Amino acid sequence: MPLAQQLTDPVAYHGEGAVWFAGWGGLKWVDMLAGDILSLDAGSGAVTRLHVGSPVAAMVRPRVGAGFVVATERGFSVWGLEGPEWSTPDLWESAERRRFNEGGCDPSGALLCGSLSYDRVEGAGEVWRLGLDGSTERLFGGVTISNGLGFTADGSRMFYVDSRTRRVDVFDVDGTELVDRRPFVKIAEGVGNPDGLTVDAQGGVWVALYGGSAVHHYDAEGNLADVITLPATKVTSCTFGGEDLSTLYITTSRENLPDDEQPVAGSVFHAEVGVAGLPVRCCAL
């Protein structure tokens, strides 16, 4: 089994949303509840923070050209090299007590992100799309903890996690439509809840297990192929990076942990897994 090694100090309370992009120098992730985007300097190992003005979702993605797009608590914010350029209106009222959580770009460069309620109300979450013209569209609702999503290399399928179901589901992609949702794998009881995910170049899916101290790798047929264990319980996201995209970067959280428990929780870990990932899709806004 691949071994995960600690890469950073425990710099995040609730680390999430790892993404690697050579154009911005490597790895970024979020300290979600603090509203910070974290960046790792590949040379020095230093971690810097950028505050975005609200609790940030577990998602930041590079833009075509320069800058990035981030999902904030209730909308999307588009940043250039000089700072924020524009934001969408809030997509729901604060009284609804919901926030965006996890997402990613589809093959066209549009941005998808799902939500959850702070009180984890069943079925209160939704998945939204930020279109190439800046418009927003609700794709579907009825989810409880909308989490990781990712597309195959050819863009024909999207894998998706609603953590409460304990499944990774798969959709077919028909133009801009997501159709024929069905289970891809069921996560067994007692091994943690599925959280963020990433897709490799062979169509396999790597799933972070919150509460499970592990990342599970399922091959393109849904068979469990690898288990990467970590010394932190709350594993939140994973992404491929490095020069040949064969290094798996893994974020962890220390949310609700006592100060004297799991001192490495909140760190980023990495593992050489012998499988190449897919380059991150850039947002085309």
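To start, which residue in E9 does Val78 stand opposite?

Author: Happy to. This is a predicted model, where local features need pLDDT of at least 70 and side-chain atom pairs count only at pLDDT 80 or more, while totals for chains, interfaces and linings use all residues. Residues are numbered from 1 along each chain as its sequence is written, and side-chain values use heavy atoms, with hydrogens and water left out.

The residue opposite Val78 is Trp86 in E9. Strand E8 covers residues 76–80, and its antiparallel pairing with E9 runs over 4 bridges. Strands here are DSSP runs of E, at least two residues, numbered from the N terminus; a pair needs at least two DSSP bridges.

Stepping back, E8 and E9 belong to an open sheet of 4 strands, ordered E6-E7-E8-E9 and paired antiparallel. Its edges are strand E6 (60–62) and strand E9 (83–87); each has a single partner strand, so one side of each has no neighbour in the sheet. From one strand to the next, the twist averages 25°, using lines fitted to C-alpha atoms and N-to-C angles from 0 to 180 degrees.

The model has 1 cavity of 30 Å³ or more (points on a 1 Å grid over protein atoms alone where a 1.4 Å probe fits but cannot get out; lining residues have an atom within 4 Å of a point). The largest cavity has a volume of about 390 Å³, taken as the space filled by probe spheres on its points, joined across faces, edges and corners. It is lined by 25 residues, and Arg61, Leu149, Gly150, Thr198 and Val280 are the closest to its centre. Among the strands supplying at least two lining residues each are E2 (15–21), E14 (146–151) and E18 (193–199).

Technical notes. On a 1 Å grid over the protein atoms alone, a cavity is a set of points where a 1.4 Å probe fits but cannot get out, and a pocket is an open set with protein on both sides within 12 Å along at least five of seven lines; lining residues have an atom within 4 Å of a point.
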